[in-house]
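The structure comes first, and the notes follow.

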Amino acid sequence: MSQSSDRGQAALRAVKGMNDMLPGDAPLWERFEDAAASAARAYGYRRIRTPILEHTALFVRGIGEVTDIVEKEMYAFEDKADKDGNREHLALRPESTASVVRAAIEHNLLYDGPQRLWYLGPMFRRERPQRGRTRQFHQFGIEALGYAGPDVDAEVILLAKRLFDDLGVDDLRLEINSIGQPDERARHRVALIEYLEANEQLLDDDAKRRLHSNPLRILDTKNPHMQALVEAAPRIADFLGDDSRAHLEGVKARLTDAGVAFVVNPRLVRGLDYYNLTVFEWITESLGAQGTVCGGGRYDPLIAVLGGKPAPACGFAIGMERILEMLRAKQEPVEPSCDVYLVHQGEAASLLAMRVAEGLRTVGLDVILHCAGPAGIGSFKSQMKRADASGAAFAVLLGDDEVAANEATVKPLVRDGAAHGSGAQRRVALDALTVMLIDSLVEDDDAEEPDAFDAPDEEESLVVATESSRKLPH
Ligand code: ATP
Ligand code: MG
């Protein structure tokens, strides 16, 4: 039973396997999101956002019935009945390729020619939560729709590489393979089933179940007891025809030319049904068992399977949390920071403070305005403690004196181990405050262009009192 206390109701907890993204981690997420968006932009990919809920049938058709995702991992449910008593079968998306292809077909995007698309967002799979595996996780993904050649396969791999390089994630290995075309896989499948049947006593339950429905997936097993068996199984490479072989060689040549190291892993397959030809994964040893940070490949049959005019396609999905874990292990957490923390005392100053804060924001500064808590606005001293902790470059103080004189007191705060501006607090006329703050911030930060703010350059209007009328704490 949950306990309630005199402070209120017992606290509820998040759903198992679904994690909060806390503000302390926000800089890391934003770094990934910015880098992903700019990598996508660098190759001419445009963003698409599809709904998180889709008809269950989309994933059953688009991922394949005999896959872990569809068999075991989907959050699928029947919606409430509509006015005619009909219930829709809906599912939280476990991945986005099917959704993106659905949207491309539904909106006839390929009518305008091939499409380079990217997405980023949450996915949902009811797996056993463990390190590197949660029930809500995020993927950044690329889908190149309508492109047939090995050039675009290499391009999406280079895009991923550029992103990893930009983020400074380097202990990754690229594995590639070709799983050929359906007819080649059919011939391989016969040989594979024959081999696996001959070794049936070595198969685990999953593998026995898949022996006739999806034997290729058995090669993807994580069961250590089956590795030797899988190792010696017939290889798809021996069943590839000339065209498939040439396609793989085309990808390899381009990667080699671009200086991207890779290994061909003849046992690499994808967990999803409608992949063909190129498959690839980026893998790290630094994350333990869940080491695949990116999986991708070609899925030429999918668009037709989902009811579109047949068109080739390829893409990848990167597991964002796994990359963030690699980044977290590498770098110091970034402290949040803003430009100004506004401290004030008294009703008139409080009104003025909000007006000053708005004015500063309008010219592009980030401003935290001190607001009242349950115990009121607090003393100057306690407000200054908040200002110090905020990471702001400056505290701007407004009290009765300042209101009467139409001035503000500006106190540089210590940030990144150094005080901003000259270090000493000073009084500034309100109409010169913006210029003074911007000048000090620009001085401090060489990377910041003065032109980024539309500030007037009339230094003369700066009225700086030589001595402050108020003694501040610290
Ligand atoms: P795995 O073999 O790890 O289950 P998968 O083949 O199911 O991976 P994909 O469907 O190819 O994974 O998804 C692409 C990427 O998304 C994975 O390489 C991984 O980085 C990430 N990912 C997949 N499932 C999860 C999860 N449950 N939690 C966190 N990240 C995940
Ligand atoms: Mg999985």
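## Asn108

In this predicted model, Asn108 is exposed, since 10 other C-beta atoms lie within 10 Å and a residue counts as exposed at 12 or fewer. Asn108 belongs to the loop that runs between α4 and β5 (115-124).

The phi angle of Asn108 is near 55 degrees, which is positive although the residue is not glycine.

## Asn406

Asn406 sits in the loop between α15 (400-405) and β15 (407-412).

With 11 other C-beta atoms within 10 Å, Asn406 is exposed, because the cut-off for that class is 12 or fewer.

## Packing of α2 and α4

Two packed helices are described by the angle between their axes and the distance between the axes. For helix α2 (residues 56-63) and helix α4 (residues 97-106), the angle is about 105 degrees and the axes are 9 Å apart. Helix α2 is therefore roughly perpendicular to α4, a class that spans 65 to 115 degrees.

## Residues in the helix contact

Which residues of α2 and α4 meet? On the α2 side they are Leu58, Phe59, Gly62 and Ile63. On the α4 side they are Thr97, Ala98, Ser99, Val101 and Arg102. Sorted by class, the contact of α2 with α4 holds five nonpolar, three polar and one charged residues.

Key: Residues numbered from 1 in each chain as written. Chains lettered and ligands numbered in written order. Predicted model: local features only at pLDDT ≥ 70, side-chain atom pairs only at ≥ 80, totals over all residues. Axes fitted to C-alpha atoms, helices over the stretch in contact; angles between N-to-C directions. Helix = DSSP H or I, 4+ residues; strand = E, 2+ residues; numbered from the N terminus. Parallel < 35°, antiparallel > 145°, perpendicular 65-115°, else oblique. Contact = placed C-beta atoms within 7 Å. Nonpolar A, V, L, I, M, F, W, Y, C, P; charged D, E, K, R; others polar. Buried ≥ 20, exposed ≤ 12 C-beta atoms within 10 Å, placed from the backbone.
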